[in-house]
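Hi,

Here's the structure I promised to pass on.

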There are 2 protein chains.
Amino acid sequence: MIKNMYKSSKRSFPVYDSLRQAIIEQALKPGVKLPEDSIGETFGVSRTIVRNALVRLDAEGLVDIQPNRGASVAEPTIEEAYDIFEMRQCLEREVMQRLCRMDPKPIVKALKAHLAEERSALGKDSTRSIRLAGEFHILLAELTGSQILANYVNEIVSRCSLILARFAQAHSAECGVEEHAEIISAIAEGDAEKAIGQMHSHLHGVQDRALLNPDDDRAENVAEILSRYRTNETD
Amino acid sequence: MIKNMYKSSKRSFPVYDSLRQAIIEQALKPGVKLPEDSIGETFGVSRTIVRNALVRLDAEGLVDIQPNRGASVAEPTIEEAYDIFEMRQCLEREVMQRLCRMDPKPIVKALKAHLAEERSALGKDSTRSIRLAGEFHILLAELTGSQILANYVNEIVSRCSLILARFAQAHSAECGVEEHAEIISAIAEGDAEKAIGQMHSHLHGVQDRALLNPDDDRAENVAEILSRYRTNETD
DNA sequence: TCTCCCCGGTTTGGATACAAAATCACTCGA
DNA sequence: TCGAGTGATTTTGTATCCAAACCGGGGAGA
């Protein structure tokens with residue numbers, strides 16, 4: 001649970017963490033500018049602090065800093081989105097493989113506790129629900145005991161949230177809680193094949209819901225967008 | 001080839017890069033203090049710049065920043081070392097899997113060009129030789145076309161260099177150039193199984209050379225170290 | 001002699017100041 | 001009406017400054 005995080009500065013951590021939460025909860029949408037002054041004001045700290053937080057987030061791929069032009073929430077392209085999801089498949093497959101080599105007892109116990117939380121938040125608090133769904137995957141990674149694997153999964157789950165914010169409409173892409181339950185069962189049974197397969201299709205489902213309809217992709221050509229609205233004059 | 005790197009500041013990049021090189025080439029050994037003042041002086045920049053570079057390196061796990069106590073080159077524990085190598089196995093297995101699904105022609109060509117460089121530097125320039133050996137693995141990752149996979153491999157190869165600096169004696173842990181050659185052959189033949197296996201044992205070899213003899217592990221007890229130097233009085 | 005405490009020097013944490021770059025708004029001209 | 005040019009305003013990049021934390025040494029007391 002204790003992460004490798006941010007020993008560098010007591011005061012910049014809250015800024016970092018708030019921004020991070022806001023981005024992955026989609027309160028700050030991709031492309032939004034993040035001026036150092038105003039952020040500093042809202043937190044009552046100087047730009048120095050904010051700057052550190054932004055540099056960190058840039059390193060994690062959640063914000064994009066451009067020279068002399070400041071920071072804004074990252075806007076992953078559709079290609080990057082596929083790339084990130086593919087990497088996520090790789091990392092989470094590793095997680096499942098490692099977990100299935102371990103004693104399932106304590107693992108399943110921890111997972112079930114988390115699942116209960118997920119279920120209790122299900123219809124009530126959408127934001128909390130989304131956050132818990134992400135944290136399920138992070139918990140899995142942490143249970144492997146590998147610090148570095150947990151860090152990578154943590155990072156990539158965040159970036160996937162960002163992708164959802166960019167490409168998925170509404171919250172169609174919420175993690176299925178019952179899929180999580182099935183994954184837990186597979187681990188409990190000690191069936192590595194099944195667990196890995198289930199995780200794979202779970203992630204594939206999330207990806208599909210996120211990326212199947214890239215209508216609102218701002219990266220596509222203006223002409224192309226307009227062509228959809230043009231009445232067919234020559235016909 | 002174009003990395004996700006450091007758009008944040010024109011001037012802090014050279015500092016970042018020099019420190020990084022110095023650390024992975026083992027010129028700056030684990031545990032060495034990195035005071036902001038003196039570094040700033042040598043580069044002719046202010047502490048502000050240096051600080052940014054150090055924060056970045058901290059995020060990458062190459063330096064360790066402790067509150068009010070400044071930065072020093074990271075000292076991975078033996079447990080972290082095993083953790084990192086295991087992660088590296090996972091990432092590079094993924095690299096091989098992806099490469100073997102692609103057209104081998106251009107890949108093999110690029111790799112052979114690199115191999116030629118490695119061979120030419122072999123007995124001559126030890127530092128260059130080590131650097132090229134690391135870059136071979138990074139090149140492999142880049143050839144997959146996955147930005148994020150390449151970034152992760154890049155980061156983890158750096159951290160492995162740091163581990164070598166910490167635990168391996170002398171340069172016994174140099175990558176075997178001929179093992180690289182065999183990996184290229186396996187890719188050229190399109191034999192995924194073989195390529196993956198060869199990569200696995202190659203990395204395992206590096207790890208063994210690095211970690212088999214953790215004599216000089218500073219983490220061990222002072223008493224234990226001294227006991228080796230104590231003449232056996234009671235006998 | 002050993003230990004503890006105090007003090008000066010050094011280093012970091014963070015805010016601020018100032019210059020350079022970019023952005024915005026407005027005017028002028030076609 | 002539209003677009004280019006220009007000055008004002010905002011925002012970033014970096015150096016510097018001050019306060020607080022840490023480190024090392026020397027002296028007082030046991």
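**The hairpin in chain B**

Asn68(B) has a positive phi near 65°, and it sits in the hairpin of β2(B) and β3(B), where three residues lie between the strands. Before you read on, this is a predicted model, where local features need pLDDT of at least 70, side-chain atom pairs count only at pLDDT 80 or more, and totals for chains, interfaces and linings use all residues. Residues are numbered from 1 along each chain as its sequence is written, while chains are lettered from A and ligands numbered from 1 in the order in which they are written.

Helices (H or I, at least four residues) and strands (E, at least two) are DSSP runs, numbered from the N terminus. Across from Ile65(B) you'll find Ala71(B) in β3(B).

**Around the DNA**

There are 17 residues around DNA strand C, and Ser9(A), Arg11(A), Ser46(A), Asn68(A) and Gly70(B) come nearest (near means a C-beta atom, placed from the backbone, within 6 Å). Two elements give two or more residues to this surface: α3 (47-59) of chain A and α2 (36-43) of chain B. The most comes from α3(A), with three residues.

**Where the chains meet**

How do the two copies relate? A rotation of 180° with 0.0 Å of shift along its axis puts chain B on chain A, with an RMSD of 0.1 Å (superposed by least squares on C-alpha atoms of residues with pLDDT of at least 70 in both). That is the relation of a two-fold axis. Both copies use the same surface, as 100% of the contact residues of chain B recur in chain A.

**One helix to look at**

In α7(A), 19 of the 21 residues are buried, so this helix is largely enclosed by the rest of the structure (buried means 20 or more other C-beta atoms within 10 Å of the residue's own, all placed from the backbone). Its end C-alpha atoms are 30 Å apart, which agrees with the 30 Å that its 21 residues should span at 1.5 Å a residue (the expected span is 1.5 Å times one less than the number of residues).

Cheers

Key:
Pairing = 2+ DSSP bridges. Buried ≥ 20, exposed ≤ 12 C-beta atoms within 10 Å, placed from the backbone. Contact = placed C-beta atoms within 7 Å.
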